[in-house]
Amino acid sequence: MTTQLTTPIADPASVDAAIENRLSVRAFLRDKPVPRDLLDRLLQLASRAPSGTNTQPWKVYVLEGATRDALCDKVCQAHDSLREHPELETNFRADYDYYPRQWVEPYLGRRRQSGWSLYGLLGIAKGDKDRMHAQHQRNFRLFDAPVGLMFTVDRVMGQGSLLDYGMFLQNLMLAARAHGLHTCPQAAWNDYASIVLPHIGASAEEMLVCGMALGWADPDAPVNTFSAPREPVSAFTHWVPQPPQGVAG
Ligand SMILES: Cc1cc2nc3c(=O)[nH]c(=O)nc-3n(C[C@H](O)[C@H](O)[C@H](O)COP(=O)(O)O)c2cc1C
């Protein structure tokens, strides 16, 4: 019998703790490196994610040191120039719609609440476009994380591969937590796929799924005290009623 069937999960509380204590960290310790063998182990754990017919559609690009810094510089420049010249927008398009094209409730309200809570914590007033731009640009400095990860998928793959990818990413984020690290998944990079993909050496057959900052959280940064609320189970779960006893379904 395979040990996967018989191995007890000796400490379920640790699994719960990794899930409950994962959060999107937006300030990292810039100079504390992540050992390569640890990163390798995290990616190995992430790859235990299930995927339809075991297609394993993930492709991961790891950016550290000068390669990381150069990508950050290029995208920060593009982000600034886009602000100056909005007509450049056609050059900066994501490969797929991560967000809805038209926002409706309740998603719009949640999105607004999350944005304003974060800006409130940072003391950024509504309408302070300079500081909002600067805060958004922190994405493209990987929030100072020493490791940037870029994730691609072959364009030929179906929408289901993004589902598989989500499981891979969550595995990675939970494994990181288990080893004391933190992460921030980042769709912000997607608009800059035309810069990111050639920089990382991805082929024309690949599309950018998202990026991720990975490193050691700055314990003193106020931004890291942000805790995004969740709806209660009763708000998103429907217990489908059983038919009355004796009535065929
Ligand atoms: C695929 C994905 C992309 C995201 N992109 C960004 C991003 O670009 N920048 C950012 O600051 N947060 C990003 N987030 C983090 C979300 O804002 C965050 O997950 C949400 O507010 C819930 O907070 P929590 O992760 O701390 O639980 C992203 C999350 C996911 C899953």
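## Tyr98 and Tyr99

Tyr99 counts as partly exposed because its relative accessibility is 44%; buried means under 20% relative accessible area, exposed over 50%, and partly exposed in between (1.4 Å probe, protein chains only). Tyr98, at 51% relative accessibility, counts as exposed. This is a predicted model, in which local features need pLDDT of at least 70 and side-chain atom pairs count only at pLDDT 80 or more, while totals for chains, interfaces and linings use all residues. Residues are numbered from 1 along each chain as its sequence is written, and side-chain values use heavy atoms, with hydrogens and water left out.

There are 10 aromatic pairs in the structure. Rings of Phe, Tyr and Trp (its six-membered ring) pair if their centres lie within 6.5 Å; planes under 30 degrees apart count as stacked, over 60 as edge-to-face and the rest as tilted. The ring centres of Tyr98 and Tyr99 are 4.6 Å apart and the planes stand at 75°, so this pair is edge-to-face.

Phe151 belongs to strand β2 (residues 147-154) and Phe168 to helix α7 (residues 160-178), so the pair links distant parts of the chain, 17 residues apart. Helices (H or I, at least four residues) and strands (E, at least two) are DSSP runs, numbered from the N terminus.

Both Phe151 and Phe168 are buried. One aromatic cluster is formed by Trp58, Phe151, Tyr165 and Phe168.

## Helix α4 against α8

Helix α4 (residues 65-84) packs with helix α8 (residues 193-200) at an angle of about 160°, and the axes are 10 Å apart. Axes are lines fitted to C-alpha atoms, for helices over the stretch in contact, and angles run from 0 to 180 degrees between N-to-C directions. The angle makes α4 roughly antiparallel to α8; angles under 35 degrees count as roughly parallel, over 145 as roughly antiparallel, 65 to 115 as roughly perpendicular and the rest as oblique.

On the α4 side the contact (heavy atoms within 4.5 Å) is made by Thr67, Ala70, Leu71, Lys74, Val75 and Ala78, and on the α8 side by Ile195, Val196 and His199. These residues divide into 6 nonpolar, 2 polar and 1 charged. Ala, Val, Leu, Ile, Met, Phe, Trp, Tyr, Cys and Pro count as nonpolar, Asp, Glu, Lys and Arg as charged, and the others, Gly among them, as polar.

## Helix α4 against α6

With helix α6 (residues 129-137), α4 packs at an angle of about 155°, with the axes 10 Å apart. That makes α4 roughly antiparallel to α6, and the crossing is right-handed. Cys76, His79, Asp80 and Arg83 of α4 meet Lys129, Asp130, His133, His136 and Gln137 of α6. The residues of this contact divide into 1 nonpolar, 4 polar and 4 charged.

Gln135 also lies in helix α6 and counts as buried, at 13% relative accessibility. Leaving aside residues up to four places away in sequence, Gln135 touches Tyr119, Leu122, Ile124 and Phe143.

## The whole chain

The protein has 9 helices and 4 strands, in the order α-α-α-β-α-α-α-β-α-β-α-β-α along the sequence. Of its 249 residues, 36% count as buried.

Key: Left-handed = near helix turned anticlockwise from the far one by under 90°.
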